[in-house]
Amino acid sequence: YGWSYAAVYVLTIMLVTFGIFNLIMATFVDNALEAARKNEQLRRNSRLMDEKRQVMVTSQLVYKLWKTSQQANRLNDAFTYSSAVEASISKEVFEDALNDPEVQQHLADLDVAEEDR
């Protein structure tokens, strides 16, 4: 049959082989990504179910907001439960607190979405 038949045969076999390996790799990658998604969801759920962690992070966030409010109002009160409960946080103070990377980290730890911050 000649060289042309051999060249076409080799190219066809190569293309089919690469195509099959591509399908195998796509399936493997898809399964790996799905497993990673499930693992991330399990970790998120376990974080949200950890009450001690939630209380700690929320307390730190309240303290940072209280502190920002105190600085904005030029007050120098000591932090107590009642002062935190009675504190008034204006929109400007809250937006100012959002510029703090520590507050952003607390919100991320509480799984508050970026668009809700």
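Is Arg47 buried, partly exposed or exposed, and at what relative accessibility? Arg47 counts as partly exposed, at 24% relative accessibility. Here buried means under 20% relative accessible area, exposed over 50%, and partly exposed in between (1.4 Å probe, protein chains only).

This is a predicted model, in which local features need pLDDT of at least 70, side-chain atom pairs count only at pLDDT 80 or more, and totals for chains, interfaces and linings use all residues. Residues are numbered from 1 along each chain as its sequence is written, and side-chain values use heavy atoms, with hydrogens and water left out.

**Confidence**

pLDDT is the predictor's confidence in each residue, from 0 to 100. Its mean for the protein is 89, and 100% of the residues reach 70 or more. Among the elements, helix 1 (residues 3–49) has the highest mean pLDDT, 94. Helix 3 (residues 81–86) has the lowest, 80. Helices (H or I, at least four residues) and strands (E, at least two) are DSSP runs, numbered from the N terminus.

**Salt bridges**

Side chains of opposite charge can pair when their charged atoms come close. A salt bridge is a side-chain nitrogen of Lys or Arg within 4 Å of a carboxyl oxygen of Asp or Glu. The structure holds 6 of them. The table includes some of these salt bridges.

| Salt bridge | N to O distance |
|---|---|
| Arg37 – Glu34 | 2.6 Å |
| Arg43 – Glu40 | 2.9 Å |
| Arg47 – Asp111 | 2.8 Å |

The Arg47 and Asp111 pair links distant parts of the chain. Arg47 is in helix 1, Asp111 in the segment after helix 5, and 64 residues separate them. Asp111 is partly exposed, at 29%.

Arg37 and Glu34 both lie in helix 1, 3 residues apart, about one turn of the helix. Glu34 is partly exposed, at 34%. Arg43 and Glu40 are also 3 residues apart in helix 1, so about one helical turn separates them. Arg43 has a relative accessible area of 45%, and Glu40 one of 28%. Glu40, Arg43 and Arg44 are linked in a network of salt bridges.

**Aromatic cluster**

Rings of Phe, Tyr and Trp (its six-membered ring) pair if their centres lie within 6.5 Å; planes under 30 degrees apart count as stacked, over 60 as edge-to-face and the rest as tilted. The whole structure has 3 aromatic pairs. One of them is Tyr63 with Phe79, edge-to-face, at 5.0 Å centre to centre and 90° between the planes. Tyr63 sits in helix 2 (residues 51–72), and Phe79 in the loop between helix 2 and helix 3, 16 residues apart. Tyr63 is partly exposed, at 33%. Phe79 is partly exposed too, at 38%.

Trp66 and Phe79 also pair edge-to-face, at 4.9 Å and 70°. Trp66 is in helix 2, 13 residues from Phe79. Trp66 is buried, at 6%. Tyr63, Trp66 and Phe79 form one aromatic cluster.

Helix 4 (residues 91–98) has Val93, Ala97 and Leu98 as its buried residues. Seen down the axis, they fall within an arc of 145°, so they line one face of the helix. That arc is taken from the directions from the helix axis to the C-beta atoms. Exposed Lys91 and Glu92 are on the face turned away from the buried side. The cover over the buried residues includes helix 2 and helix 5 (101–109).

His106 lies in helix 5 and is buried, at 7%. Leaving aside neighbours within four places in sequence, His106 is in contact (heavy atoms within 4.5 Å) with Val57, Gln60, Leu61 and Lys64. Pro101 is also found in helix 5, but counts as exposed, at 62%.
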